[in-house]
Amino acid sequence: MEGNTAAARSPQREVVEEVVIRFAGDSGDGMQVTGAQFTQETAIFGNDLATFPDFPAEIRAPVGTTFGVSAFQIHFGSHEVRTSGDAPDVLVAMNPAALKVSLDDLKVGGMIVLDEGTFNRRNIAKAGFDSNPLEDDTLAPYQTLRLDISKMTLEAVKDLDLSKKESLRCKNFWTLGLMLWMYDRDRRATVEWLNKKFSKRPEIAKANVTALNAGHAFGETAELSSNLVGFTVAKTDVAPGVYRTVTGTEALAWGLVVGARAAGLKIMLGSYPITPASPLLHNLANLKAYGVTTFQAEDEIAAVCSAIGASYAGALGVTSSSGPGIALKTEAIGLAISTELPLVIVNTQRAGPSTGLPTKTEQSDLYLAVYGRNADAPLPVLAASTPTDCFEVAIESVRIATKYMTPVMLLTEGYLANAAEPWRIPDTDDLPSFPVKFRTDPEGFQPFARNADTLARPWAIPGTPGLEHRIGGLEKDSVTGNISYDAENHQHMTDVRAAKIAGIARDIPQQEIQCGEETDVMVLVGWGSTFGPINQAVRQAREEGHSVAHIHIRYIVPLPSNLGDLLNGFDRVLVPEMNNGQLLTLLRSTYAIDAEGLNKVSGKPFRVSEILDAIRTRMGDAS
Amino acid sequence: MTGTATGQLTAKDFTTDQEVRWCPGCGDYAILKCVQRTLPELGVRRENTVFVSGIGCAARFPYYMSTYGFHTIHGRAPAIATGIKLANPDLDVWIVTGDGDALSIGGNHLIHVLRRNVDVQILLFNNEIYGLTKGQYSPTSRRGTRSPSTPKGSVENPISAAALALGAGGRFVARTVDTHQKRMPQILKRAYEHRGASLVEILQNCNVFNDKVFSHITDKSVAVERQLHLEHGKPLLYGADDSHGLRVTPGKFELEAVTIGENGITQDDILIHDETNRTLASLLAVMEPPALPVALGVIYCDPAPTYGDGVKQQEEVADGEASIESLLRGGDRTWTVMG
């Protein structure tokens, strides 16, 4: 069938301003797909939104266990949405384990939609319930919608020639159909997606579409015959333009391509598979049509080295990984610093140390980015704050890397990489242009003679007649680039490498206050994915009357030149971070200010309430 | 500058003004001279040639070549070279490495550059010792090698560069000796002309930390009996007046040394070298005195499509010029908000 429109709705729909829904199920239940499709339909409907996919490290953890639960949370509303939501209003639980894991997060009085068909003794025991939660008072504080989704899905697709196992696999789409009905969303994009995804197995596409429609029809029918209520969340008022949803990974990949085009370069990505950074490799591997070459190297070191080789030969070398992989790349990054070659290093951070929690988010590689190399080896460090911000930060990283002949560390986080939000597609005429000029003139050529403004050395690539020269990781003469053991030359080169990076502060925007005023009493300073919860908490605190502001830092090295003065203007500086105080240390050591940390390393993003509580505690009762 | 991009170049045109800093008497000098002498004969252009090295004595090589040169980090030259070739497949890329650089810290990269068949030449200077760090045993040092880190002798088995290269799927494997100034150019030429990864192991004397380590092969008194110079299509003969040869031991899958005229052995019993035969190559690669001579020359050469060929094919299909508009607005998942 064709997805129907949002017209002709029952008058009983309840109007709400915002909703947080969590889809939770077994890792084989297709919860990420369900969440992504609900997101797509919600974006197309016109709501602002933020998502939080949260899945286990195991590809197929044992069925029915709590550690095998995969969840996808979406927060959408009729106003601007900045976070994926503190606590779900609605929990969709596809089995007892999913219920067990998410129950504590659910708002008291919230709604639970569960698949009764999975609540057998075995699954209940596996989930760790002492008794059947459907029969005791576990669910008393909530409104529970008990549906035998398994049975209804089997019933819906019974006329199609599928095995029971294949039929049951459609139950996530039955559930999606119901939830799309409940929030008055279209189904068209999902139907299109299914038909495309299963174009080679049309019977599977048909079964899932059938289940989707059956779930939707169930909502419509039950609404008339029972107390099942549908909701309406009005469209968000947003700027006119063409929109789409993007994940941080997509935005980052596209930003790199746009940046490379702006520089007039091809991209050579050297990468090695690692969670949660691999999707960037997958994404770029599909962009050959846009001048991207990808190289899946034999290890992390080869990945960065191939990117350095590519930059040496005149492409834009890019390497991407997560913390453990970045640690392996550090010696090579030092080589790129020493030989002054452009390179973009993307670190999609995850919880550590060591292997840590590969699928859980954290922002604990700031020290690694800023300090993590042997000797005095400075490089610019930029951090993305939202999925869509990844686009701009990627372009900016390419600009700085090529203009200043330096590796740039781009920090993103597992949470940003996987999360999606609507994005107003920029007009291509508004995209920047910063073409690279390779050195071609042999007259007076010296490999390490510098541009007086940027202190960048010339980019002279093999294949250029008359510019044959040698570079390497040994200290170089400050002009000729020949090996130099001269003491004064080493002092000079160390100084100039530092001055070059510090000078980038003149070429980046001044730090702005994201929310609040310079005259406020307290400022919350963040970086990376904490943007949403900090900003939301500060807004709420201001509504409560607290004199508090929010500063979010994109440029970590070098810091914006006005940041010190700005911070000194506040009585209190609070630095919320998903680490043990890394930006905090950097700010304290740079500006000698008495900043205080608010730290969380649970593998989960901050809740707005956690930050708001911290503000209230420090500011006392609002005046 | 002397020479031009297109004119006749000489060895001098490939020499830099940098003072060569190897120890006096080091085998590296001879290899450098040979390479500088051979490049003009290959008709290469200086601006199109890149020497990439890792770390170690051999790794200083690029500073002495007036081409493009990149002295990188320990063991990683093959990975850097792969990136160079991906960015610009038209460049001639030579990797200069040593036994520690290529077979210890960089072993992984050597395996994979060979497996992928990246179109580069790898010159592996094997002196069976760590020279630049003052004489520790290396992965090619023989069992019992006494060194500062093995005062009672090494208890490890050495690795064979040529056997490793064959095992990794290398399509060109050759071996030569630093002092073989007449034979080495031919081997360098073959390596250069081979499309794909070519590995040339060069037995190189470190006169400071491992002097005469190859004298049991290279001394004039034994050379003729212990070196077998391979030629494709020619019988595997060696020794004074080609008096010895190799055959497959009857009833066993192994090579044995035989003397022509003894025990009824004639020229017809001697194996013919077929450099495209990987099985034969794997037997030749590991031959050691005293039972068998050392195989020198092109052990294996059997070209196959290169890594660059495959990459280029996919890129040609994709063309690389698609518009940003199509990237950002591609697909059917966009929607318009009216003003």
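Where in chain B is the place of B:N117? B:N117 sits in the loop between helix 4 (107-116) and strand 4 (121-126) of chain B, helices (H or I, at least four residues) and strands (E, at least two) being DSSP runs numbered from the N terminus.

The model is predicted, so that local features need pLDDT of at least 70 and side-chain atom pairs count only at pLDDT 80 or more, while totals for chains, interfaces and linings use all residues. Residues are numbered from 1 along each chain as its sequence is written, chains are lettered from A and ligands numbered from 1 in the order in which they are written, and side-chain values use heavy atoms, with hydrogens and water left out.

**View 1. The loop of chain B that holds B:N117.** The phi angle of B:N117 is near 65°, a positive value in a residue other than glycine.

**View 2. The interface of chain A and chain B.** Contact, meaning heavy atoms within 4.5 Å, links 74 residues of chain A with 60 residues of chain B. The two chains bury about 5500 Å² between them, 61% of it on carbon and sulfur atoms, where buried area is the accessible area (1.4 Å probe) that two parts lose on being put together, summed over both. On the side of chain A, the residues that lose the most area to chain B are A:E298, A:E468 and A:R470, together 12% of what that side buries.

**View 3. Polar and charged pairs across the interface of chain A and chain B.** The rule for a salt bridge (a side-chain nitrogen of Lys or Arg within 4 Å of a carboxyl oxygen of Asp or Glu) finds two across this interface. B:E321 forms a salt bridge with A:K266, and their closest N and O atoms are 4.0 Å apart. Helix 11 (residues 300-312) of chain A gives the most to the side of chain A that touches chain B, with eight residues.

**View 4. Strand pairing between chain A and chain B.** Strand 17 (residues 470-472) of chain A and strand 2 (residues 68-71) of chain B run parallel and are joined by three bridges, pairing being assigned if DSSP finds at least two bridges between two strands. Within this pair, A:R470 stands opposite B:G69.

**View 5. Strands 21 and 22 of chain A.** Four bridges join strand 21 (residues 572-577) to strand 22 (residues 596-599), and these strands run parallel, with A:L598 as the bridge partner of A:P576.

**View 6. Cis peptide bonds in chain A.** The peptide bond from A:T275 to A:P276 is cis, with omega near -5°, and A:P276 lies in the loop between strand 10 (267-271) and helix 10 (278-285). The bond from A:V557 to A:P558 is also cis, with omega near -15°, and A:P558 is found in the loop between strand 20 (555-557) and helix 18 (563-568).

How values were computed:
Polar contact = N/O pair within 3.5 Å; in protein donor to acceptor, adjacent residues only side chain to side chain.
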